[in-house]
Amino acid sequence: MRNIKRFLKPYKLGLTAAVLTASLIASPSLYSGPFDDKEVSVLETADTSSVSTPDTVKITITDSATAEEAGIKEVQDGYPINGVVVANTLRLRSWPWGEVTGKYHKGASLKVLGESGEFYLVEIDGRQGYMHKSYISTDKASASYAAPSYPGDTRSGGYIPLKEGVQVSKTGIAPSTGSNSGSSSSGSSSSVSSSGSVNNISTADYTGVTKVIFDIVKKFCDANQQYVLGAAHSKNSGYATKSDCSGFTGQFINKISEMAGVRPVIGDSFPTSTNYANSQYTQKVTGAFPPPNPKDLIKPGDIFVMSKSSPSGYGHVGVFMGYNSAGQPLIAHSTTRKVDGSTTIGNLGTTGVRVEVIPSWYNKRWMGVYRLNNMDQIAKNLES
């Protein structure tokens with residue numbers, strides 16, 4: 001009997017130590033480890049369904065100062081979401097149009113944490129940075145493949161300073177001051193002359209806003225490849241390669257509203273062409289054809305509308321762009337007619353988005369020019 005007790009004594013001590021060790025591991029109040037801040041679940045049973053996975057670990061923004069400058073104070077509502085690179089090679093940058101910190105290839109998986117203008121804030125391969133939206137498909141939206149208008153020498157791998165990069169990403173316009181690593185040019189072939197015109201188009205109206213409108217439309221012209229009925233009727237901040245007239249107009253309104261920091265008057269919808277006339281979205285400026293000059297009546301960014309060609313046909317809609325140096329009224333629209341070389345801005349030999357003098361035959365179906373209900377607020381915000 002004494003021999004048995006002598007045998008059991010060390011066994012009991014070992015069992016007690018094992019139980020104590022297990023209780024210490026299972027007790028969150030007594031155990032402290034390097035993953036506490038990642039919300040790792042503590043197992044109390046053999047059920048593994050409550051184990052945290054990398055997808056459930058809370059993601060925080062590592063460079064909060066840069067993100068705040070980009071307008072992303074924290075992981076934005078609705079994010080993170082899964083994404084994938086669709087370009088052959090896509091740069092990861094420190095900020096929008098910032099220093100290149102890495103390159104990733106087609107098929108690379110990532111998480112989108114938020115968006116800032118043309119860029120997503122992403123986490124990829126354990127690193128955070130900014131990638132251009134055009135070449136990322138997400139759970140919410142497919143990639144637009146719209147070609148960016150590279151500021152400075154960013155196309156060749158250069159960068160522009162943080163504040164300028166964020167501004168260009170959100171507005172498409174580079175500041176007039178130079179950068180430390182490239183030109184401050186927006187990369188657009190549009191030019192602003194000393195007489196106050198863009199490609200000989202007056203910029204006298206909505207001082208400080210007209211060039212914003214022209215630069216935005218120029219990006220649509222550069223990206224757009226053809227007119228396709230029903231195309232571009234989805235809300236995104238890219239520049240569609242294919243669009244119809246109301247698709248382009250809706251995209252334009254969304255883009256300029258985003259830049260001004262206001263909700264688009266059209267909400268999340270894309271009205272058809274004639275719905276812009278005498279509607280809840282606009283107020284009528286004039287029904288005269290051609291739109292009258294003096295320039296203080298109609299402003300670049302106003303919307304023109306044409307009636308349907310027949311009861312079963314389609315109307316037409318686009319953006320009024322002001323007047324050229326000869327005083328002729330100009331419009332931006334997506335059209336089924338091919339660019340013939342007389343266009344102010346547009347891709348030669350294609351249908352789609354372009355800027356041109358209003359054709360005289362538009363008089364037959366002209367309904368008028370209309371102003372967005374919040375255009376004054378948009379102008380005020382963009383001028384400030």
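Good morning. A search of the whole structure finds one cavity of 30 Å³ or more. On a 1 Å grid over the protein atoms alone, a cavity is a set of points where a 1.4 Å probe fits but cannot get out, and its lining residues have an atom within 4 Å of a point. Grid points are joined across faces, edges and corners, and the volume is the space filled by probe spheres set on the points.

This is a predicted model, in which local features need pLDDT of at least 70 and side-chain atom pairs count only at pLDDT 80 or more, while totals for chains, interfaces and linings use all residues. Residues are numbered from 1 along each chain as its sequence is written, and side-chain values use heavy atoms, with hydrogens and water left out.

The largest cavity has a volume of about 30 Å³. Its lining consists of Phe 220, Asn 224, Ala 232, Ala 240, Ser 243, Phe 248, Gln 251 and Val 353.

Let us turn to the protein chain. It contains six helices and 17 strands, which are DSSP runs numbered from the N terminus (helices: H or I, at least four residues; strands: E, at least two). Of its 384 residues, 48% count as buried, that is, under 20% relative accessible area with a 1.4 Å probe, protein chains only.

Finally, consider one residue. Met 131 lies in strand β6, residues 127-132. Is Met 131 buried or exposed? Met 131 is buried, because its relative accessible area is 0%. The C-alpha atoms of Met 131 and Leu 121, 10 residues apart along the chain, are separated by 6.7 Å. Thank you.

Technical notes. On a 1 Å grid over the protein atoms alone, a cavity is a set of points where a 1.4 Å probe fits but cannot get out, and a pocket is an open set with protein on both sides within 12 Å along at least five of seven lines; lining residues have an atom within 4 Å of a point. Buried means under 20% relative accessible area, exposed over 50%, partly exposed in between (1.4 Å probe, protein chains only).
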